[in-house]
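Hi,

Here is the structure I promised to pass on. Have a look at it first, and then read my notes below.

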Amino acid sequence: MTLREKVGQLNQRMYGWDAYRRSPDGEFELTPALYEETDRFEGLGALYGLLRADAWSGVDHSTGADAQAGPALAHLVQRHVLERSRLGIPALFVEEVPHGLMALDGTVLPVNLAVGATWDPDLYERAAAHAAAELRARGGHLALVSALDIARDPRWGRTEECFGEDPYLAARLTEALVRGMQGDVEERGVFAPDKAPVVLKHFAGQGATVGGRNSAESELGPRELHEIHLPAARAGVRAGAAAVMAAYNEVDGIPCSANGPLLNGLLRGDGDRDGVDRGGWGFEGLVMADGLAVDRLARITGDKVSAGALALNSGIDLSLWGEGFTHLVEAVERGLVKESVLDTAVSRVLTLKFRLGLFEHPYTTTELPSAEAGRSLSTALARSAVTLLHDRAGVLPVDQAVVSRIAVLGPHSATTAHQLGDYTAPQRPGTGTSVLAALNHLTLPGTEVRHAQGCALTGDDLSGIPEAVAVAAVSDLAVLVLGGSSARTPDTEFDANGAARTVVSEMTCGEGVDLAGLRLGRAQRALLDAVTATGTPTVVVLIQGRPHAVPEAAEHAAALLTAWYPGPWGGEAIAEILLGRTAPTGRLPVSVPRSAAQLPVYYNHKDTEYGSYVDEDAEPQYSFGHGLTYTTFEYGVPRLTEEGPARCEVEVTNTGERAGRSVVQLYIRPLRTTVWPRTLELRAFQGVDLAPGECRTVTFALTEEQLAQVGGDLERAVLPGSVEIRVAASAREALTAVPVAVSAGPAGGQGHGGVPGASQQDS
């Protein structure tokens, strides 16, 4: 390959939607921009967003490729690339798959925060497999999926893209994502035709930005990085992830796209070099830069040529939209980067293309999976994510023998547009089910369902509240659906990387939409106060992309649920739970604060003298792991097995009158360590379905990894000292649960049940 051809393989500069135009008769034609790009490098390494459709790209059903036309467009572009490549090297088509394929007619799944609320990796794995099959059937190859960001400040607009605040929960869901999308890769490393290599983003620590501001600086010590922000990435790498995306943020002042110790050292693990053992994870896959991140390095290097050289030397293989990598020929000629480093990056890009079988079958697409199957999986995730926070008045499930008039109120009550989350393609009219439509469909004959919106999601217009109050006052029950929105509209202004810049719509969450406060808007708060003041029992349902602080609902609502952004059919899932067609099973993946003033409120803080404020309670309104259902459970005292492999067992009994599901959560509480410990750390969980009165023993394996902690040397090990094991239904309950102590002796000591240096102690 010539130097120019090599550099071309590392570039992903072009927006895919600029590569084609659709004529009025529905035919696609290639643009001069694509011809210029392929001529520039005698081919094309990768093309981002050929199928992407949204307000930023400007692609909709009149201008883009739907499910049926997608393969033809992909084949047209690929044929052009192969014709322009002297060596016949195909292009990688890279697409966003944040919660389903972001393309016209792609199945929209609930956002990651909702997935985290399911605590169900198996269900998510099936949904991820469906998304991969849709991508490949449409002609796409490589899936960009958020998985590695940990939600530590809910003011951050991208909180919805996180699985939650806990590294263990995120790690298990990241594994499920990789398994579902990539499948069981054959021994020779080839992906099946309906599977897609995944790019896990963002590596690493992007959820730790100061003040919850997007792309802001981070204040991460190395131990915080290893304990909180790296476990999900390590789990994804172990599961075989094909690629990761370097994050926008910096770690200790070094941008991730220029962080050689992070990418070449920790991630790839250079091993023993110059007498230094760098450890590392042995990752052999691709590292992609985030959008325009390479060009941002010019702020510290002085120009884009040296910025591209710095990124390549630091471990970036593939750029995204920037100009820095287009100057790599000059960088090699100036001696800023060795051609051997360039060759290594090119080999990673080509290897991925070989693993996809693109050289042998550049035009292969599989059969499009059933849209009904996608809807079923999306609804199942939404149903599993709905979380009952309280039902103090005992109004749920709705007893339709008593309740014959239901008021459905609020800005979210009759729409699906705000159920979808950020990074969502335009939906065809009629797609999805609102809460109002679902209740009208599912309630028994004779039940009167009346509707009044009351107010908009944003703004101060209170004129609709009297109508909502009047409807609530003559009803037996009010269902008030409030929350936020990440729906982008054509009048939204965007940064160069697609983040929302000036929000002029009802968008209150999403990339670039960070908040200083966590309260709902003035009109929504006024509506909530007015409806609950009628005396009609009010069930508040929050549809949101971050945990809003709604103390009024916690205090005055008869019941409170959160559904996050549940996807198009979320209204159906919510109505089923309200009416008792199914029971709520969701658990909080994040702590819910009382106000923004008390942040941070994540459960796994350092075990210091964590006092309260003079003017505010320091504890969250609802804790990580919390979630109720329509029955009750009793947990026995956990016990360690005396023989064989180390296990922790606990009996769980359904003490209510309805079948239900509990998520049993195992936490460790470090007692004596070489570093300052955290209060609690989640280390295992299991869902258990029990009939009324049924008792079952739940068993957790206690491996060295389950008990390991990050020590002062940043290595994970069962440290000298001891930990307590606590089993409960939430982090808050774990603080007071009866513990079992596991003592860890000196390194190399005799272990209990296969755990090095562990033995049972008296509780």
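Strands β4 (residues 92-96) and β5 (residues 142-146) run parallel and pair over three bridges, where a pair needs at least two DSSP bridges between the strands. Helices (H or I, at least four residues) and strands (E, at least two) are DSSP runs, numbered from the N terminus. Across from V94 you'll find L142 of β5.

Before I go on: this is a predicted model, so local features need pLDDT of at least 70 and side-chain atom pairs count only at pLDDT 80 or more, while totals for chains, interfaces and linings use all residues. Numbering starts from 1 along each chain as its sequence is written, and side-chain values use heavy atoms, with hydrogens and water left out.

Back to the sheet. It's an open one of six parallel strands, ordered β3-β4-β5-β6-β7-β12. At the edges sit β3 (46-48) and β12 (286-289), each pairing on one side only. From one strand to the next the twist averages 30°; axes are lines fitted to C-alpha atoms (for helices, over the stretch in contact), and angles run from 0 to 180 degrees between N-to-C directions.

Helix α6 (residues 167-182) packs on this sheet and touches β5 and β6 (198-203), at about 155° to the direction of β6; contact means heavy atoms within 4.5 Å. Helix α9 (residues 260-267) lies across β6, β7 (243-246) and β12, at about 130° to β6.

Now the largest pocket: its volume is about 820 Å³. The search used a 1 Å grid over the protein atoms alone, with a 1.4 Å probe; a pocket is an open set of points with protein on both sides within 12 Å along at least five of seven lines, and lining residues have an atom within 4 Å of a point. Grid points are joined across faces, edges and corners, and the volume is the space filled by probe spheres set on them. There are 35 lining residues, with H226, L230, R234, W281 and R716 nearest the centre. Helix α6 gives the most, five residues.

Finally, D252 has a positive phi of about 55° without being a glycine. D252 is in the loop between β8 (250-251) and β9 (254-255).

Cheers
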